[in-house]
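Please open the structure in a viewer and keep the selection tool at hand. The stops below proceed from one element to the next.

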Amino acid sequence: MFRTPNRTSTAALAADIAYASAAIARLDQALVNHPLRHAFLYRARLDAVRRQAAVDGCLIDPWHLAAMIEGLRLRMDLALSIAERGRIFEAGRHAFSLYKWLTAPDFDAEGEVKAAEKTLAEAGKGLPPLLAAARAMQTWLDAGGTRPPIRTAIVRLWTREKVTRLPLPLTGAAALKPQEQWEEEPWTHLFLHALGDEAADWLQLLTDMERAWLRARALVSARRSNSRAAMAVDMLAAAPIASASTLAAGLDMAVQNVSALLQDFCRAEIAVEVTHRSKRRLYSLSTLAPVRDRVAPPRRPEPGRGRGRPPIDREDEAPFVPAPLPPVSLVERRAFDYSDLDHWMEHLDQAIVKMKRSLDTLAR
């Protein structure tokens, strides 16, 4: 249970520093050499963008963003008006822009980040990293700077000052809600509290991802000793979304054999196919199943139907509620070879660049 921040004394400031520091340290320690750390970083960025977009006035479904990163066509409710669809598209575009700031800012954006880093160095001189980040963010925003550059500069501060070993997108987004106080002392308390809350939430996210991964490993443990099913599960856990051909290259197997293996995974509810396609399918572990609900199926003609817009189906369907995963005890982690992880990350970066070009073309 999270505390309500106290803003009345130096002791309260010390308590909030301790709260944020302890939460971040627990998360960082849990991620040390964790086999899912790169997949976790992907999920943490999605959640960070969701939080940032919300305080910026754009509510975004993180699974919409995940689908956009992969270049998939979004599912839109036929009952939505053109204006409502436009708002969803603009929110997605804003969220995608925030994601680019966190992962790969372009040349102009990098210049703004460098300016924000200079402000961070000057405003936070002589202060510990957490307080330096709070001071610098207020200084930068008061001077008319925008939010994305200072957020990226703060993420870089964490790794530079060895607060975290991974570039965790901890930015204290909740402290920038419109109704929050902006005076230096009370806002510093809010910022520290928001950082601690983000770290605590992400530690729970890591636990959930780990539990799902162990469940998938347990479901394939009974296969023959030379089966590559366990390796396929590990690769799906490391890469958020992958195609059969990409997995085949990593597993050194024929694409047809990997496709059959993935179909077995889908039937066993280990994995889910997220594209609704018969060719060029993309798969993920079942933890990313909500992505499938946000991806539109290919447009196929209905047999016997003439031209015209299809009717709107307004029937309310009961949402599917998955069964809770079984609890697990303390994890006995084993070493896995993730030498191909750079290939997965390169694939993701290429998809991001491709999607940005598509969005810019549509906007024009």
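Which helices are included in what covers the buried residues of α7? Among the cover are α2, α4, α5 (107-123), α6 (129-142) and α8. Here helices (H or I, at least four residues) and strands (E, at least two) are DSSP runs, numbered from the N terminus. Buried means under 20% relative accessible area, exposed over 50%, and partly exposed in between (1.4 Å probe, protein chains only).

Before selecting anything, please note that this is a predicted model, in which local features need pLDDT of at least 70 and side-chain atom pairs count only at pLDDT 80 or more, while totals for chains, interfaces and linings use all residues. Residues are numbered from 1 along each chain as its sequence is written, and side-chain values use heavy atoms, with hydrogens and water left out.

**The whole chain**

Display the entire chain, which contains 13 helices and three strands. Of its 364 residues, 44% are buried. Contact means heavy atoms within 4.5 Å. Among contacts between residues at least 6 apart in sequence, 69% join residues at least 24 apart.

**Helix α7**

Select residues 147-160, which form helix α7. The expected span is 1.5 Å times one less than the number of residues. Ten of the 14 residues are buried, so α7 is largely enclosed by the rest of the structure. Among these buried residues are Pro148, Pro149, Arg151 and Trp158. Next, select Lys162, which follows α7 and has a positive phi, near 60 degrees.

**Helix α4**

Move to residues 82-103, helix α4. Its 22 residues reach 31 Å from the first C-alpha to the last, close to the 32 Å expected at 1.5 Å a residue. Buried positions in α4 include Gly92, Phe96, Tyr99 and Trp101.

**Helix α2**

Select residues 37-55, helix α2, and locate Arg45 within this helix. Is Arg45 buried or exposed? Arg45 counts as buried, because its relative accessibility is 17%. Leaving aside neighbours within four places in sequence, Arg45 is in contact with Tyr99, Leu102, Thr103, Pro167 and Pro169.

A salt bridge is a side-chain nitrogen of Lys or Arg within 4 Å of a carboxyl oxygen of Asp or Glu. Arg51 is buried at 18% relative accessibility, and Asp47 is buried as well, at 14%.

**Further salt bridges**

By this rule, the count comes to 15 salt bridges. Select Glu184 and Arg135, whose side chains meet in one of them (3.0 Å, N to O). Glu184 belongs to helix α8 and Arg135 to helix α6, so the pair ties together parts that are 49 residues apart in sequence. Glu184 is partly exposed at 44% relative accessibility, and Arg135 is partly exposed at 33%.

Proceed to Asp234 and Arg217, which meet in a salt bridge of 2.9 Å, N to O. Asp234 lies in helix α9 (residues 229-238) and Arg217 in helix α8, 17 residues apart. Both Asp234 and Arg217 are buried. Finally, show Glu110, Lys114, Glu117, Arg156 and Arg160 together: these residues are linked in a network of salt bridges.

**The nonpolar core**

A nonpolar core is a set of buried Ala, Val, Leu, Ile, Met, Phe, Trp, Tyr and Cys residues joined through side-chain atoms within 4.5 Å. Which residues have the most contacts inside the largest nonpolar core? They are Phe40, Phe191 and Phe265, in a core of 80 residues. Helix α8 (residues 184-220) gives the most to this core, with 14 residues. Centre the view on Phe265; beyond its neighbours within four places in sequence, its contacts include Val220, Ala232, Leu236 and Ala271.

**The strands**

From Ala271, turn to strand β2 (residues 271-273), which pairs with β3 in the antiparallel sense over three bridges. Two strands pair if DSSP finds at least two bridges between them. Ala271 stands opposite Leu285 in β3. Strand β1 (residues 242-243) is also antiparallel to β3 (residues 282-285), and two bridges join them. Conclude the tour at Ser243, whose bridge partner in β3 is Leu282.
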